[in-house]
Amino acid sequence: MLVPYSVESMFDLIEQAELYPQFLPWCIGAKILERSDDWVAARLEFSYLQFRFGFQTRNAKRRPEWLQVRLVEGPFRRLEGDWRLTALGNIGCRINFDLSYEISDGFLDKLARPAVEFVSRSMMDAFVKRAEKSLTVCAPSPAPVAASEPRHAPEPSVTVASSEPP
């Protein structure tokens, strides 16, 4: 997805998990357990309809290029998320978010699985809406363009994937 915000601003928005309850749908709690230049660990709590679940992650990071979400404990057999951010000069940045997970057997029944899927799919929209409310749009500098050269913005792309085995 292309956004008109600096790569540094978007990375900081993603990395600051303690603020998720302010804008991430159904996130009702967040606590930072560890933060350094190389790692951020957090515990997140979600509630959707009648389903409540929490999990802890420890995430390697390299500001402002990437953040790797890795499960420490929670109702998942596996939870892996990869945020990749690419600066696009002074017009903004491209964000790719790949998420894959497997829910542990016995924890969530067939009704809860769609809730987890819905929450995970709505995440990117929530981050973009938060950016729109809290970040300053990059101001592109005017570049000379020849009359015969049309100006095209890069095509947006969203790389959000979630998987659940049958």
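Of the 166 residues in the protein chain, 40% count as buried, where buried means under 20% relative accessible area, exposed over 50% and partly exposed in between, with a 1.4 Å probe and protein chains only. This is a predicted model, in which local features need pLDDT of at least 70 and side-chain atom pairs count only at pLDDT 80 or more, while totals for chains, interfaces and linings use all residues. Residues are numbered from 1 along each chain as its sequence is written, and side-chain values use heavy atoms, with hydrogens and water left out.

Begin with the whole chain in a cartoon view. Its secondary structure comes to three helices and seven strands, which follow one another from the N terminus as β-α-β-β-β-β-β-β-α-α; helices (H or I, at least four residues) and strands (E, at least two) are DSSP runs, numbered from the N terminus.

Next, select the strands. They form an open sheet of seven strands in the order β1-β7-β6-β5-β4-β3-β2, with antiparallel pairing, and two strands pair if DSSP finds at least two bridges between them. At the edges are β1 (2-3) and β2 (27-35), each of which pairs on one side only.

Now move to β2 and its partner β3 (residues 39-48), which run antiparallel and are joined by seven bridges. The two strands form a hairpin with three residues between them. Within this pair, Ile-32 stands opposite Ala-42, and Lys-31 stands opposite Arg-43.

Select Asp-82 next, in strand β6 (residues 76-87). Asp-82 counts as buried because its relative accessibility is 19%. Its side chain is joined to that of Arg-70 by a polar contact of 3.1 Å, that is, a pair of N or O atoms within 3.5 Å, of which, within protein, one must be able to donate a hydrogen and the other to accept it, residues adjacent in sequence counting only if both atoms are side-chain atoms. Leaving aside neighbours within four places in sequence, Asp-82 is in contact with Leu-67, Gln-68, Arg-70, Asn-96, Phe-97 and Asp-98.

Finish at helix α3 (residues 123-134), whose buried residues are Met-123, Met-124, Ala-126, Phe-127, Val-128, Arg-130 and Ala-131.

Technical notes
Contact means heavy atoms within 4.5 Å.
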